[in-house]
Amino acid sequence: MDWIQALILGIVQGLTEYLPVSSSGHLTIISTFFGIDGADNLEFTVAVHVATVLSTLVILWREIDWILKGLFKFEMNDETKYALNIIVSMIPVGIVGLFFKDKVEEAFGSGLLIVGVMLLVTAVLLTFSYFAKPRQKEHISLWDAFVIGVAQACAVLPGLSRSGSTIATGLMLGDKKEKLAQFSFLMVIPPILGEALLDVLKALKGEEAFGGSIDAFPLAVGFLAAFLSGCFACKLMINIVKKGKLIYFGLYCAIIGVAILAFQLI
C-alpha cells in the first residue's frame, strides 16, 4: 500500500465510520478496486480505527467530560444512567465479537456480494426511520440501549452501517434525534477499541499477520486522514440527525448496493 492509497482509505474510513453508509462496505469496495488484501494490512486497520475513536473523543469531549465528572460523584445521577446505557448497549456486540464474529464472517463472507446486499438493508432501515413518526421520549431507556446495541451487533456484517443501524433503530424506538447521534457515537468507542485489541492479540498469537506489510509513512498518512475526516464527519452527522435528513443516505446506499449487485451479476 502506498501513501496515496492510504490517504484515500483513511479518508473513506473516517467519513463512513460516522456517515450511515458502512465503513466496512466502502473499505471493501475501495480495497477491491486497488487490489489490496485487507488481511495483509492489519496494522493499517487497527491504526485507522484508533484514529476514528480519537476523533470521537475530540468532537464529543464535552459529553465525555460530563459523564466522567458525574461518575466520580459516586451516585445514581443522569451521568451514571447514561454510562449504564452505554454499558448495556455493549453487551450484544461484545457477545457477537467474542464468540460469533468469525463464524459470521465464514457464513456470509466479506466480498462485494454481501456488501451490496447489506447496503440495501441499510437503505431500508434508513428509509423506515425517516417515515416512522413515534412519539419522542425524553430519555434513552435501558431497554432502548440494549435494542440499539443489538442493531450495532448486527452491523458486524460488511455493508450494514453501524451508525445507520443504531441511529435508525433509535429513531424507530422514539428516542430524540438530538441525543441519538451522540449516544450512537459514544457507544461505539468501546467496541472499536475492543476489536482493535482483539486483532492485535490475534497477531501476537500468530493467527494473523502483523508487522512489515505497510511502511511507517503510509500508515501515518492513513491515521491522520482518518482522524481529520472522522472529526469532520462526526460533527456533520450530529447536525444531519438533528435535521432528520437520513433519507438521502438511504438513497445513496440503495444506488451503491444495486450497482454492486449488478456488477457482480454481469
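**Charges, fold and a helix**

Me: How many positive and negative side chains does the chain have?
Reply: The chain carries 19 positive and 22 negative side chains, and the centres of the two sets are 13 Å apart. Lys and Arg count as positive, Asp and Glu as negative, with His and the chain ends not counted. Each charge is placed at NZ of Lys, CZ of Arg, CG of Asp or CD of Glu.

Me: Where does the model come from, and how are residues numbered?
Reply: It's a predicted model, where local features need pLDDT of at least 70, side-chain atom pairs count only at pLDDT 80 or more, and totals for chains, interfaces and linings use all residues. Residues are numbered from 1 along each chain as its sequence is written, and side-chain values use heavy atoms, leaving out hydrogens and water.

Me: OK, how many helices and strands?
Reply: Twelve helices and zero strands, counted as DSSP runs numbered from the N terminus (helices: H or I, at least four residues; strands: E, at least two).

Me: Which residues of α9 are buried?
Reply: L180, A181, Q182, F183, S184, F185, L186 and M187. Buried means under 20% relative accessible area (1.4 Å probe, protein chains only).

Me: So why call α9 largely enclosed?
Reply: Because eight of the eleven residues in α9 (residues 177-187) are buried, the rest of the structure largely encloses the helix.

Me: And what percentage of the whole chain is buried?
Reply: 48% of the 266 residues.

Me: Last one, what box do the C-alpha atoms fill?
Reply: Roughly 50 × 40 × 35 Å, along the principal axes.

Note on methods
Buried means under 20% relative accessible area, exposed over 50%, partly exposed in between (1.4 Å probe, protein chains only).
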